[in-house]
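Here is a short briefing on how parts of a protein model meet. Look at the sequence and the structure first, then read the points below.

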Amino acid sequence: MTPFSGLLFFYLLGLLLLPAVVLGLLEKPLKHYGLLFTVVMLAIVFGINGQLHLLIVFYLWQAGLCLICSRLKSPSRALSALAVLLSLLPLILIRLAVFFPSLGMFGLMGVSYMTFRALQIILEARSGRLRRIPIFTLSYFLLFFPAVSSGPIDRYRRFEDDISAFLNQEEYLRLLRRGVFKLMWGAFFALGLSTLLWNLWLSPLPDKGFLPAVSYMYGYTFYLFFNFSGYSSMAIGASYILGVRLPENFNMPFLSLDIKDFWSRWHMSLSAFLRDYVYTRFVRSCLKNKRFKNPRTASYAGYFINMAIMGGWHGFTLRYLIYGLYHGLLVSANEALERGWKGFRPFRQKWWGQVIMALATFHLVSLGLLIFSGRLI
Amino acid sequence: MKIENEIMAILNELTGAEAGELEPALDLFETGLLDSFGVVSLFVEIEERLGVSVAAETILRDEISTPEKIVRRVKRAAEC
Amino acid sequence: MLRRFFIGAAALVILSSVLLRGVYLYLSYSMPPYRGSVGSENHNQKITGLYLVKESAKRENSLIIYGSSELRTLEISTHPANFFKGGRSGFQVNLVGRGSCQALIHAISIAASGDSLTGKRVALITSPQSYAEEGIAPDMFMANFSPQQYLELIAAEDIPAEMKEYISARVETLFFRYENMAGVSPPDPAIKALASHAASPTPLSSALDVILTPYYALSRGLFDMKDLTLSARIIKSAEEDAPRQPPEEIDWAAEEETAIREAEAMTSSNGFGILDGYYAANIGERLSRLENRDKNLSYSVSEEYGDLRLLFEVCREKGIEPLFIHVPLHGAWSDYTGFLTERREEYYRNVNEIAKEYGIEVLDLTGREYDEYFLCDVMHLGWRGWLEVDRALIEYYYGG
């Protein structure tokens with residue numbers, strides 16, 4: 001069973017969200033039922049797919065690592081690095097299935113997103129900002145059902161604030177209304193528009209030829225946007241009904257004026273996560289240790305590492321690696337242009353400049369997604 | 001006042017803005033004065049000069065979008 | 001505040017049900033009138049849906065043929081779809097089935113058809129290779145199984161409880177076997193839950209059934225809409241009906257002669273009277289390796305016999321007096337592969353006994369094993385075989 005698709009899923013989702021609505025309207029705390037909801041939904045979805053045992057092992061593994069890390073007084077650097085590696089291990093094993101097909105048996109839905117949740121706890125525990133997190137909150141955060149299969153990527157601190165906040169009836173109603181709307185809007189995007197695009201535009205295209213590839217590039221870009229943003233929106237909508245405000249994942253990405261702007265509008269929760277935990281950490285350590293003569297070099301190197309990891313996270317195949325490096329190059333070029341060309345900012349403020357930039361950005365992004373789609377390689 | 005002056009000085013250096021251009025309520029991200037690299041450099045500088053450590057990954061962009069918000073955030077970090 | 005919420009929620013529920021109902025009504029009113037020529041083509045929608053077969057049964061001149069892969073041999077001019085083209089004998093055949101549509105698939109389809117087939121002309125064709133020990137193969141079952149029909153028959157009041165139980169137990173078993181095959185995606189969990197509840201209810205399955213009841217109703221409604229949409233497309237693309245004419249006198253000797261000439265031209269590559277294309281693809285150079293391949297094959301015990309009983313029982317329940325067509329094996333070929341007379345006879349006898357038990361009219365062709373061009377390959381009816389069937393269909397259609 002795939003989350004957020006098929007009549008049966010939505011029927012069960014609606015049925016199991018009803019008690020949350022009742023609790024929310026009665027101004028009762030939602031988190032206990034929320035965890036129950038998460039466990040039941042996971043048991044249904046993963047049970048039907050025959051992956052429940054794998055999920056339990058995965059959960060115990062990650063929760064164990066998080067608990068140990070958050071309870072160590074002052075974990076050494078090596079210990080912390082080891083924990084990060086162990087937390088990444090299941091994801092890496094699954095990704096390696098491209099090379100060793102026998103690893104495919106570990107393939108578990110949602111691993112990439114759940115790994116991100118565990119990783120932040122381990123990383124933050126090392127800097128001493130998370131101490132003795134309760135098992136309840138940890139489990140709820142690690143497993144939180146709505147975002148399990150396709151994000152968005154939430155942050156622990158934000159999540160914790162949400163589930164312990166009191167919502168009065170009026171606030172809950174507002175959240176509920178927006179949640180229901182987002183669910184339906186997302187379904188319209190992901191199940192309606194993206195399916196139409198696939199059936200009417202992409203699947204009739206011939207496999208070979210230059211023009212079909214160009215057409216595929218445009219079609220796939222829109223298809224992926226409607227599909228992905230639709231699923232994100234449904235996840236966000238369902239989370240609202242549980243009193244959790246999952247962060248937004250898309251904000252009109254095709255209006256981006258440059259590549260950096262694009263990454264603050266497309267799969268925002270992933271780019272923010274990587275910015276904070278990869279780019280920022282890397283650049284800060286470079287600056288502190290004066291690793292580069294020109295500090296900006298650290299920034300460019302940071303972008304490449306950041307984007308390569310972003311590509312690799314999607315899978316260890318050539319096209320994702322190229323996709324990552326392509327965006328590393330684009331973001332660096334973007335920053336170089338911003339700094340090197342005095343006219344950049346004024347140009348960006350004129351209306352015709354904006355039109356040109358938005359069009360150029362759109363095409364650069366579409367080309368990237370064409371690489372991503374695997375049609376070329 | 002020391003914190004405020006120091007932060008404004010750092011911001012002026014980082015953004016290359018003219019003296020007085022940085023209004024306390026000016027949105028630094030909207031105007032493109034501050035980017036990801038700027039944020040990292042800002043907090044590395046603050047840590048070096050003021051000895052206040054703020055982990056950049058725990059900050060929401062919204063919390064540091066203007067000079068006055070940055071000052072508030074750093075003061076909060078200095079208190080605890 | 002709360003009142004506004006309840007009003008909003010109620011409005012949403014009412015609006016969506018009105019919308020669904022409206023779409024359904026629109027679809028049913030805008031259905032194009034059924035065309036008989038839909039019957040001459042092999043559409044999957046006839047196997048998995050309900051509408052097309054019901055509509056064809058409404059016409060007084062329909063003869064519905066439930067069969068399997070033999071229905072596909074449209075290149076043979078004596079195939080009923082070709083032979084009766086234009087209504088030359090006063091009726092229109094309607095082919096329902098494709099490869100591996102065995103007794104269970106047809107039993108479910110007929111059981112779900114309400115009273116639309118009562119007293120209608122129905123022919124059933126069975127083929128020997130269905131009678132492997134485990135009956136219908138799980139993947140073939142899944143490919144032809146219709147959740148729409150299954151939901152319909154479970155909800156139907158005119159089907160006795162034991163029949164629902166037997167069908168559900170079979171569905172449950174086949175789902176289970178399917179799940180245990182390598183590299184398949186899990187079958188519909190709600191249907192699986194329904195089948196296991198209907199086969200042997202437990203407190204847990206009853207609770208689950210209560211929870212899922214609205215889902216089943218909703219999903220039936222959606223299946224009906226999908227059925228209407230796909231059927232409308234098929235009807236629109238079908239040829240218009242030819243004007244009805246009085247049945248033609250048929251010169252069977254001349255037809256037979258033409259059929260043999262056609263057969264000779266289409267089987268020049270081999271001495272078994274097998275279609276050239278089939279022979280090249282399936283036998284050809286492998287001929288010597290196939291000798292005695294079936295020396296251990298037996299159809300003496302098979303789950304298919306149980307399904308055949310079910311099919312006859314469903315017909316009795318629905319007031320259908322079908323014509324059952326008992327197809328022979330290819331005599332010369334079976335001798336070559338080592339599936340010997342004794343075991344062939346055993347299978348023929350088994351089926352005949354079951355048919356007799358239910359008082360079913362049988363067109364028994366099993367004595368024609370060695371007739372040249374009776375089959376078109378190692379298992380499917382051919383030029384002369386179909387001609388025999390055509391003659392029997394006319395007799396059946398106009399008979400008592």
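How far apart do the C-alpha centres of domain 1 of chain A and domain 2 of chain A lie? They lie 26 Å apart. Keep in mind that this is a predicted model.

**The layout of chain A**

- Chain A is divided into domain 1 (31–164), domain 2 (169–241) and domain 3 (253–373).

**Where domain 1 of chain A meets domain 2 of chain A**

- Seven residues of domain 1 of chain A are in contact with seven residues of domain 2 of chain A.
- The size of an interface is often given as the accessible area lost when the parts come together.
- On the side of domain 1 of chain A, three residues stand out: A:Pro146, A:Ser150 and A:Pro152. They supply 74% of the area that domain 1 buries against domain 2, more than any other three residues.
- The side of domain 1 that touches domain 2 has five nonpolar residues, two polar ones and no charged ones.
- Zero salt bridges are counted between domain 1 of chain A and domain 2 of chain A.
- The rule also finds zero residue pairs in polar contact across this interface, with both residues at pLDDT 80 or more.

**Where chain C meets chain A**

- Chain C brings 15 residues to the contact, and chain A brings 16 residues.
- Which residues of chain C lose the most area to chain A? They are C:Met1, C:Phe5 and C:Tyr215, and together they make up 39% of what the chain C side buries.
- One residue pair is in polar contact between chain C and chain A, with both residues at pLDDT 80 or more.

**The chain C side, piece by piece**

- Helix H1 (2–29), helix H9 (189–199) and helix H10 (203–237) of chain C each supply at least two residues of the side that touches chain A.
- H10(C) gives the largest share of that side, seven residues.
- By type, the side of chain C that touches chain A has 13 nonpolar residues, one polar residue and one charged residue.

Definitions and conventions: Residues numbered from 1 in each chain as written. Chains lettered and ligands numbered in written order. Predicted model: local features only at pLDDT ≥ 70, side-chain atom pairs only at ≥ 80, totals over all residues. Heavy atoms only, no water. Domains from an automatic or database assignment. Contact = heavy atoms within 4.5 Å. Buried area = accessible area lost by both parts, 1.4 Å probe. Salt bridge = Lys/Arg side-chain N within 4 Å of Asp/Glu carboxyl O. Polar contact = N/O pair within 3.5 Å; in protein donor to acceptor, adjacent residues only side chain to side chain. Nonpolar A, V, L, I, M, F, W, Y, C, P; charged D, E, K, R; others polar. Helix = DSSP H or I, 4+ residues; strand = E, 2+ residues; numbered from the N terminus.
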